[in-house]
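Please read it alongside the sequence and coordinates.

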Amino acid sequence: MYTITKYLTLIITMLTGGLTSINTHGLEIPIVKQNGGLYLSTPNRYVYKGINPNNYLKFNNELWRIISFEPDGTIKIIKAENLKNIPFDENNQNNWETSTLNKYLNQNFYLSLPKDIQDQIVNHTWNIGAVYKTQKSGIALKYTVEEEKEQITTSKIGLISMSEYIEAMDNSKTCGNISLIFKNETKCQNYLDKIVKQNNLEAAWTISKDEYSESTVYYIGNTYFPDNMANSNFIAAMPALYLNKNITLIGDGTKQNPYQITKTN
């Protein structure tokens, strides 16, 4: 009887939004509803928000940041050190599938990683559709997500999307969609912008192309708001990837004690 009651209490708590932590990959991580930290995004998906949440991960002997714990059990992460300035596409086109940056990341960058590191990276789908096609995309995050899903590709390495950048803001009333971020540039910053600033870079590419021009892609970073930029410009590539769902982590996610992979089943 106690076990059934405990189970029902857990289900009710989840349905009412009262979940206070998650157990995942060997960790118990608090769930927050304001300020920086790990938030419940959609059922079974959790994202980090804020200017400096405790989402540091030591991977390949470098610091990365965890973007999200995904419903399929994978962990999406982004590189936070030693970033490279590079064009999105040398032919000045904004299609991620055919871009020279995609080729560089999935060949040169990926093949430069040690074999044991490569084995922890999974082939995954990426939403690469054009965004801000309609005013609705500008005023609601869900429409940006829908537009990104209109074109999908599969690969080992990619970049963050505009919806992921927006979702990393912990002040959704001020910075919860593209239009608000344009309007409130100085107030809309998160840990992804901080990565750019800490690496002394001007800006960084997203994977999201602009609907209105075949030669522009959205970018983020530093004191800049997300906007489109000519693909031939040299700005930072922040590689993102999905980790194997069977890994186990230790640590507390701080910069001093980042999460580390202890094993992969």
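1. Buried residues, those under 20% relative accessible area with a 1.4 Å probe and protein chains only, account for 50% of the 265 residues in the protein. The accessible surface, from the Shrake-Rupley method with a 1.4 Å probe, comes to about 12,700 Å², and 50% of this belongs to carbon and sulfur atoms.

2. On provenance: this is a predicted model, in which local features need pLDDT of at least 70 and side-chain atom pairs count only at pLDDT 80 or more, while totals for chains, interfaces and linings use all residues. Residues are numbered from 1 along each chain as its sequence is written, and side-chain values use heavy atoms, with hydrogens and water left out.

3. The protein has nine helices and 18 strands, taken as DSSP runs numbered from the N terminus (helices H or I, at least four residues; strands E, at least two). Its radius of gyration is 18 Å, close to the 18 Å given by the globule rule for 265 residues, so the protein is as compact as a globular protein of that length. That radius is taken over C-alpha atoms, and the rule is 2.2 Å times the number of residues to the power 0.38. The C-alpha trace spans about 65 × 45 × 30 Å along the principal axes.

4. Of the contacts (heavy atoms within 4.5 Å) between residues at least 6 apart in sequence, 60% join residues at least 24 apart.

5. The largest pocket has a volume of about 620 Å³. Of its 29 lining residues, Arg 45, Val 145, Ser 163, Glu 164 and Glu 167 are the closest to its centre. On a 1 Å grid over the protein atoms alone, a pocket is an open set of points with protein on both sides within 12 Å along at least five of seven lines, a cavity is a set where a 1.4 Å probe fits but cannot get out, and lining residues have an atom within 4 Å of a point. Grid points are joined across faces, edges and corners, and a volume is the space filled by probe spheres set on the points.

6. Among the elements that each supply at least two residues to the pocket lining are strand E4 (45-49) and helix H6 (162-167).

7. The search finds one cavity of 30 Å³ or more. The largest cavity holds about 50 Å³, and its lining includes Arg 45, Glu 164 and Glu 167. E4 gives the most to this lining, with three residues.
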